[in-house]
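Let's take a friendly walk through the places where parts of this model meet. Have the sequence and the 3D view open as you read.

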Amino acid sequence: MPEQKVVDIDYLLKEAPRERHFITGAQAMAEAVKRANVDMAIAYPITPQSEVMHLVGDLYAQGYLKDYYRAEEEYGTMSAIAGASRAGVRVFTATSGPGLLRGIEAIASWPGHRIPAVLGVLTRVVNAPLSIQPDNIELAYLLHSGVVLLHAENQQDVFDMTLAAFAISEMVDVYIPVAVATEGFFVTHAKGYVEMTPEDMKLPPRDPYKAPVPVTDCEVPPARIQRDAPVQKSNFMSYLIHAVWQQEVWSSTQRAMKYIYKYLNGPIEVVNPDADVFVVASGCAAAQGREAVRYAQEEGLNVGLVKIKSIRPFPAQEVREALKNAKGVVIPEHNIEGWLSKEVKAAIPNSGIVVDGPRVYGGMTLPVELIMEEIYKILGIKQEKKVVI
Amino acid sequence: MATKTKRYNIRIAGVGGQGVVTSAHILGNAMSAAGKYASLVPFFGSEKRMAPVEAYVRASDEPIYEVGEVVYPNVIMIYHPQVITHGKSYTMPFYSGLKENGIVIINTDVDVLTDEDKKVLDDLNTQIVMYNATGLAMDIAGTELATNMAMLGFFFGITKLVSFEHIEQAVRERFLGNTFVASGGTASLDSAIEKKFKRKVELLEKNMQVIKKSFKIVEEQGWTEEKEPVNA
């Protein structure tokens, strides 16, 4: 490994020179970890997985990480991540589908314990019947856990969001975990162009004393919230402590927004802001949305795209503003429930303009043609269908 | 209104052992060599010799964002007649999802289309090219393994997306690797490697001859894109 020099966070994320590489989404995530001065990684290699934790294991072998081990399973992984983080080191792990659900009890406790961990989520089907394809329903389970949740469209997003996640999670006024999600296969296994910062530069190390709660070491016992658990007090105290603590966690999630503006150019990206019809999408569905905008342009239709990069905190105000003149909204999703659709509908005053779909599930491809069909319907265009299915 | 992008969403169906995925890679690399764009999705299955194989390639002058299998192609290439006659395909019928004004290139020595197939394809305004690509591969390269090269030659001959040189660069990359310098140091290679290398060079030459010939056939037969490239 090259000698890495520590550079300022803002310099690395915003100004450092970048070089173009053609790599998979899994490689892009590992490349970000390589530049993030990570102390420790822990993982369980369940099937389905992505290559991410394998590649991070290679980074450990090359000397980029101080420690790496295989946990007994995801519940153990996520608990050990919490322990390591509380002891003051910078940690990373990644999982997929069923593994995420196995670990979610521990993950849901991270924000309350103020664990600034970074979690990669490479989505796969979670329900029966068994499949290992890239459905993203698992992200719905993360929406109410208190973690910051970023959703990457492509390999470049995976790199940028993962690197920024380490910076955002450790900001003193945030100090909660950041999950970076992207679709398995479509992004993790496919190659795309990624502009990367130099290999010989890394983020400053974690400063465990720049924190809203003290780290645990031989001198300092665990934070009061663990040492004096509310459950040991009266019911009334228990309600109150939990309530204020949760308020603080969710305020922290909101406070992450200013850093999402600073490091990721904001929580949304708008293409063709004056459009009549918008495709609103996150993750790799946004890539399909971009192609729909191109199709529409070729056909002389005024269609735009609102890509949502941050699912938590959800950019309700920004989405409302972007859609204020929209005649119709199409929300393509890689899950049956339409969790993004629900978020968008709740954010705008006229939710009736939102089309429920198109949705594909079980991890299948989301053809741009399905998005176009909804756009035609909104614009009252009759398409003579000749395609044989 | 923006100028129309030249964009091909291609589905390649063949059987295991024909180099379906290899030729999809070469197609993509030829686009890349020409400074254009391509993306490739192989079908994840349990491929084996003579079992169905599918690969999908998107090729364009402009960046490609779309991911996943091509469900609605505007180009379909059938590398083996059994894809149609024996239903050796993940996609049945073989033209399912085909868009209007599309191109279908079939490797066969006999007419394998039923009247019903012909009617459907005719209604879709499809340009159908049937040619014995395996026969061509046997004649020129002496092996049916070069069938995929003939098919690539037909595709690029018809669409004129890239030049012969770009294809040659991509085929060379595939067979000799990116870094192999033929002129420097071959003398010092031991005979085993030299023999292997010589075989590879011969293979490369034969493959290129097949592509050259298929370009010529396209010209002789007057196969050109009959209509505006279809929206894909």
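Predicted model: local features only at pLDDT ≥ 70, side-chain atom pairs only at ≥ 80, totals over all residues.

## Where chain A meets chain B

Let's begin with the two chains. Chain A brings 20 residues to their contact, and chain B brings 20 residues as well. On the side of chain A that touches chain B, the elements that give two or more residues are α10 (285-298) and α13 (368-379) of chain A. Of the residues on that side, 7 come from α10(A), which gives the most.

## Two domains in chain A

Now to chain A itself. Its division is into domain 1, covering 5-202, and domain 2, covering 268-379. Between the C-alpha centres of these two domains of chain A there are 26 Å. Their contact draws 23 residues from domain 1 of chain A and 21 residues from domain 2 of chain A.

## The domain 1 side of that contact

Which elements give two or more residues to the side of domain 1 of chain A that touches domain 2 of chain A? They are α6 (138-142), β7 (148-151) and β8 (178-183) of chain A. The largest share of this side comes from β7(A), with 4 residues.

Sorted by class, the side of domain 1 of chain A that touches domain 2 of chain A holds 14 nonpolar residues, 6 polar and 3 charged.

How values were computed
Residues numbered from 1 in each chain as written. Chains lettered and ligands numbered in written order. Contact = placed C-beta atoms within 7 Å. Domains from an automatic or database assignment. Nonpolar A, V, L, I, M, F, W, Y, C, P; charged D, E, K, R; others polar.
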